[in-house]
Amino acid sequence: MGLAARFLEEAGLSTLVLTPTHEFHRAVGIPRSAAIEYPYGRPVGNVGDQEGQRKVLMEALSVLEKAKRPGEVWHLSFTWPEEPKKTDWQPPEMSPLIKFYLEEIKQARKNRNA
Amino acid sequence: MERGKKIVDGFRFLPPGLRAWVNTFIPGEDFKGYIPWTPMTKPLSQTTIALVTSAGISLKADPPFDMEREKREAIWGDRSYRAIPRGTTEKDIQVNHLHINTTCINQDINVILPLARMAEFEQEKIIGHLAPTSYSFYGFQWKNTDFLKEAIGPISERMKLEEVEAVLLTPA
């Protein structure tokens, strides 16, 4: 998504990425980010929570005005009400990519724990 | 540069193996290269905004994003895009994405493509206008930037025709 934002910015559009993984900015260089600690697939808020969605969007959109220099990341203060394991954000089946790289993923975990 | 009091942990929802693996792709230091920049020229309350999500949302009337090829070719991701008109609701769409659970988006499109909330903001003059068209592409593009030419380029052209000035992007 960071690459798409860069492309649009080059094309003359001001962009804001409302991102659950702001760390990708370090790899890509994203013009403006609003970082949110919400589960994947629901960066704006939970199903049917209109008021919560409005609050997140108001804060996120304000970053369009507040960010003054390329690469700013604004961390939004919202907290998801459930523990990560209860958010059920993962697909019902393991993705083809994860299956493909499963051994590498297991190794990365071992390396991290070593 | 990072602002605000809370520091968001972008890995909080990832299981430990995935967290360790994804971290291998992310440098420990801040990005040092060139970053494109188009300044906002008007207040938000006068700005026309379009939405773009990478959630693989398509109208039921349009062809869905291709998941079958990805199931056969694990590192291939659909590079096309779909236009999503304002007023679209969860009843009008299908969602195809092999890397997230799509149930919530199917129940309420606004969790990732907040068309109804942005229409409210337009009514309340918080934003200038929600553009007539928003867009979805498919976020899984593994070490491949062809989607910029095939999806984001055409999207940016259509945005210019609709006089869009700012874009809110929501990754899946």
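Across the interface of chain A and chain B, 32 residue pairs are in polar contact, both residues of each pair being at pLDDT 80 or more; a polar contact is a pair of N or O atoms within 3.5 Å, where within protein one must be able to donate a hydrogen and the other to accept it, and residues adjacent in sequence count only if both atoms are side-chain atoms. The model is predicted, so local features need pLDDT of at least 70 and side-chain atom pairs count only at pLDDT 80 or more, whereas totals for chains, interfaces and linings use all residues. Residues are numbered from 1 along each chain as its sequence is written, chains are lettered from A in the order in which they are written, and side-chain values use heavy atoms, with hydrogens and water left out.

**Interface of chain A and chain B**

- The side of chain A that touches chain B receives two or more residues from each of α1 (2-10), β1 (14-19), α2 (25-28), β2 (32-35), α3 (50-66), β3 (72-75), α4 (96-100) and α5 (102-113) of chain A; helices (H or I, at least four residues) and strands (E, at least two) are DSSP runs, numbered from the N terminus.
- With nine residues, α3(A) gives the most to this side.
- By class, this side of chain A has 46 nonpolar, 22 polar and 20 charged residues; Ala, Val, Leu, Ile, Met, Phe, Trp, Tyr, Cys and Pro count as nonpolar, Asp, Glu, Lys and Arg as charged, and the others, Gly among them, as polar.
- In contact (heavy atoms within 4.5 Å) are 88 residues of chain A and 84 residues of chain B.
- About 7,800 Å² is buried between the two chains, and carbon and sulfur atoms give 67% of that area; buried area is the accessible area (1.4 Å probe) that two parts lose on being put together, summed over both.
- In chain A, the residues that lose the most area to chain B are A:M1, A:R26 and A:E37, together 10% of what that side buries.

**Strand pairing between the chains**

- β1(A) and strand β8 (residues 166-170) of chain B run parallel and are joined by four bridges; two strands pair if DSSP finds at least two bridges between them.
- Opposite A:T15 stands B:V167 in β8(B).

**Salt bridges**

- The whole structure holds 14 salt bridges over all chains, a salt bridge being a side-chain nitrogen of Lys or Arg within 4 Å of a carboxyl oxygen of Asp or Glu.
- Four salt bridges cross the interface of chain A and chain B.
- A:R54 and B:E124 form a salt bridge with their closest N and O atoms 2.7 Å apart, and a network of salt bridges links A:R54, B:R117, B:E120 and B:E124.
- Within helix α5 of chain A, A:K106 and A:E103 lie three residues apart, about one turn of the helix, and their side chains meet in a salt bridge (3.6 Å, N to O).
- A:K106 is partly exposed at 44% relative accessible area, whereas A:E103 is exposed at 56%; buried means under 20% relative accessible area, exposed over 50%, and partly exposed in between (1.4 Å probe, protein chains only).
- B:E68 and B:K71 form a salt bridge at 3.4 Å, and about one helical turn separates them because they are three residues apart in helix α2 (residues 67-72) of chain B.
- B:R79 forms a salt bridge with B:D146, the closest N and O atoms being 3.4 Å apart.
- This pair links distant parts of the chain, 67 residues apart, with B:R79 in the loop between α2 and β4 (81-85) of chain B and B:D146 in helix α5 of chain B.
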